[in-house]
Amino acid sequence: MSVHIAPKSLYISIFGALMVLTAVTVAAAFVNLGNLNAPVALAIATLKATLVVLFFMHVKYSSKMIKLVVATSLFFLTILLTETLMDFATRGWVAIPKLMH
Amino acid sequence: MSNAVAHADAHGHAVHHPELQHHFETMQQQKEASTFGMWLFLLTEVLFFGGIFFAYLLYRMWYFDAFAEASRDLDLVLGGFNTVVLIGSSLTMAFAVRAAQTGSSSGTVRWLILTMFLGAVFLGVKVIEYSHKFEVGHVPGPNFHSTSQWAAQEQIFYSLYFTMTGLHAVHMIVGIVILAVITRMAAQGRFNESYHTPVEMTGLYWHFVDLVWIYLFPLLYLVERHN
């Protein structure tokens, strides 16, 4: 198994995409999207994060074992966020519709 | 190759790469083990920041109006500039790893120095932002100043702001120190096409710090800008 060397142009394209997405997320924040402002901001951030993980961090070209560790981190992060949120939500302390205003 | 031969003679066994540790069979296996370990560490980092992100989520739900108001007081120009600088430093880091993969020590050193420079610019801007908050009283505590009806809840936003950006900045300072060590190793010619794992592992760490900021920027600076 040889080392995968990505061309410089690929990294520049990813950087360009990240810059465009940064501009889009700033622009979107100035538009009233109602309940959708927060989901849109998080979706754009997640798209940017995916580009960084796949290309800058070479996960796209990594072994299945490395991909499994990345997936595992997201799995445990999901457990951390959702289970804790469920606990707070079911105590009646949080008005869930207020999630995004 | 003369290094490897001398090494083999000293051990009295087969010729192998001088950087190959004896408990690994191949360079590829050794590198895979390093990458695996680095990603396991990053997994713990994801959960470390994840807990703080949850605290942010909870208080944002409870005190959305205060978060929206306090967020508008953050300097979007400086925050946006820093986002560009940090993503730019990820690009230079990717180029540093690429230079190491192609066996260019001078290229690796140059890109690593540029990465450290961009990291320092980011931290410099952070100093400007922090000192401004001390000047106008946007630091939670007895000297907190706000005319908002949500002043008390705004302090929670600023507590999370300083905790999250502060821990991020600590990670960057650690990253710059590691980069300095790796730059020195690269300048000494310690890396080549077949061995450059430390550069790649440093890259993974640096990109992770970039990842955290990719979420921090919209969550802190862009809570509700359209009002």
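How many residues of domain 1 of chain A are in contact with domain 2 of chain A, and how many residues of domain 2 take part? In this predicted model, the domain assignment of chain A gives domain 1 as residues 1-60 and domain 2 as residues 63-101, and the contact joins 6 residues of domain 1 to 4 residues of domain 2. The area buried between these two domains is about 460 Å², with carbon and sulfur atoms giving 65% of it. On the side of domain 1, Asn35(A), Ala38(A) and Val59(A) lose the most area to domain 2, together accounting for 66% of what that side buries. The residues of this side divide into 4 nonpolar, 1 polar and 1 charged. Between the two domains the count is 0 salt bridges, while 1 residue pair is found in polar contact.

The interface between the chains takes 50 residues from chain B and 53 residues from chain A, and the area buried there is about 4700 Å², of which 79% comes from carbon and sulfur atoms. Trp39(B), Met61(B) and His226(B) supply 15% of the area that chain B buries against chain A, more than any other three residues. Across this interface 0 salt bridges are found, whereas 7 residue pairs are in polar contact. On the side of chain B that touches chain A, helix 2 (27-62), helix 3 (64-72), helix 4 (76-101) and helix 7 (197-221) of chain B each supply at least two residues, and the largest share, 19 residues, comes from helix 2 of chain B. By class, this side of chain B has 30 nonpolar, 11 polar and 9 charged residues.

Conventions. Residues are numbered from 1 along each chain as its sequence is written. Chains are lettered from A and ligands numbered from 1 in the order in which they are written. This is a predicted model: local features need pLDDT of at least 70, side-chain atom pairs count only at pLDDT 80 or more; totals for chains, interfaces and linings use all residues. Side-chain values use heavy atoms; hydrogens and water are left out. Contact means heavy atoms within 4.5 Å. Buried area is the accessible area (1.4 Å probe) that two parts lose on being put together, summed over both. A salt bridge is a side-chain nitrogen of Lys or Arg within 4 Å of a carboxyl oxygen of Asp or Glu. A polar contact is a pair of N or O atoms within 3.5 Å; within protein, one must be able to donate a hydrogen and the other to accept it, and residues adjacent in sequence count only if both atoms are side-chain atoms. Helices (H or I, at least four residues) and strands (E, at least two) are DSSP runs, numbered from the N terminus. Ala, Val, Leu, Ile, Met, Phe, Trp, Tyr, Cys and Pro count as nonpolar, Asp, Glu, Lys and Arg as charged, and the others, Gly among them, as polar. Domain bounds come from an automatic or database domain assignment.
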